Amino acid sequence: YGPNSRMAAPSLKNGGSGAHYRWGQSAREVTIAINAGSRRGRDFRVEINRSRVSVAARSCGDEWQHLLRGELQRPVLTDECEWSVEDGSL
């Protein structure tokens, strides 16, 4: 989510926020929005497995900064997970 983003920021009613992200959830879906700034998809490493999620951004050269990483409360179906960079948000 970013200042110029047309993507709606997730509701904090069923979610929360961190230094670089906001997240929200419904009964069937979790949405995470990260301020991507001027970065493109290739500037991110996104890893989602059944029990963990990790997002890192290229910070300088080949250095990567973790923006988000942690355990999920419940297993997810990795085939149904997707991510994109759109309007300054990941």
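This is a predicted model: local features need pLDDT of at least 70, side-chain atom pairs count only at pLDDT 80 or more; totals for chains, interfaces and linings use all residues.

Colleague: What sense does the pairing of E4 and strand E5 have, and over how many bridges does it run?

Modeller: In general, strands of a sheet pair through backbone hydrogen bonds, either parallel or antiparallel. Strands here are DSSP runs of E with at least two residues (helices are H or I, at least four), numbered from the N terminus. Two of them pair if DSSP finds at least two bridges between them. E4 and E5 (residues 52–60) are antiparallel, with five bridges.

Colleague: Which strands make up the open sheet, and in what order?

Modeller: The order is E4-E5-E6, three strands with antiparallel pairing. E4 (44–48) and E6 (63–71) are the edge strands, each pairing on one side only. On average, neighbours in this sheet are turned by 10° against each other, direction ignored. For that angle, axes are lines fitted to C-alpha atoms (for helices, over the stretch in contact), and angles run from 0 to 180 degrees between N-to-C directions.

Colleague: What joins E2 to E3?

Modeller: A hairpin through four residues. E2 and E3 pair antiparallel over five bridges, and Gln-25 stands opposite Val-30 in E3. E1 (residues 15–17) and E2 (residues 21–25) are antiparallel too, over three bridges. Those two form a hairpin with three residues between them, and Gly-16 has Trp-23 in E2 as its bridge partner.

Colleague: On to side chains. How many salt bridges are there?

Modeller: The rule asks for a side-chain nitrogen of Lys or Arg within 4 Å of a carboxyl oxygen of Asp or Glu. By that rule the count is three. In one of them, Asp-43 meets Arg-58, with the closest N and O atoms 3.7 Å apart. Asp-43 sits in the loop between E3 and E4 and Arg-58 in strand E5, so the pair ties together parts that are 15 residues apart in sequence.

Colleague: Is Asp-43 buried or exposed?

Modeller: We call a residue buried under 20% relative accessible area, exposed over 50% and partly exposed in between (1.4 Å probe, protein chains only). Asp-43 is buried because its value is 16%, whereas Arg-58 is partly exposed at 30%. Leaving aside residues up to four places away in sequence, Asp-43 touches Ala-56, Ala-57, Arg-58 and Trp-64, where contact means heavy atoms within 4.5 Å.

Colleague: Which residues are linked with Arg-58 in a network of salt bridges?

Modeller: Asp-43 and Asp-62. Arg-58 and Asp-62 have their closest N and O atoms 3.8 Å apart, and Asp-62 counts as exposed, at 67%.

Colleague: Where do Glu-71 and Arg-52 lie?

Modeller: Glu-71 is in strand E6 and Arg-52 in strand E5, 19 residues apart. Their side chains form a salt bridge of 2.5 Å, N to O. Glu-71 is exposed at 55%, and Arg-52 is partly exposed at 32%.

Technical notes
Residues are numbered from 1 along each chain as its sequence is written. Side-chain values use heavy atoms; hydrogens and water are left out.
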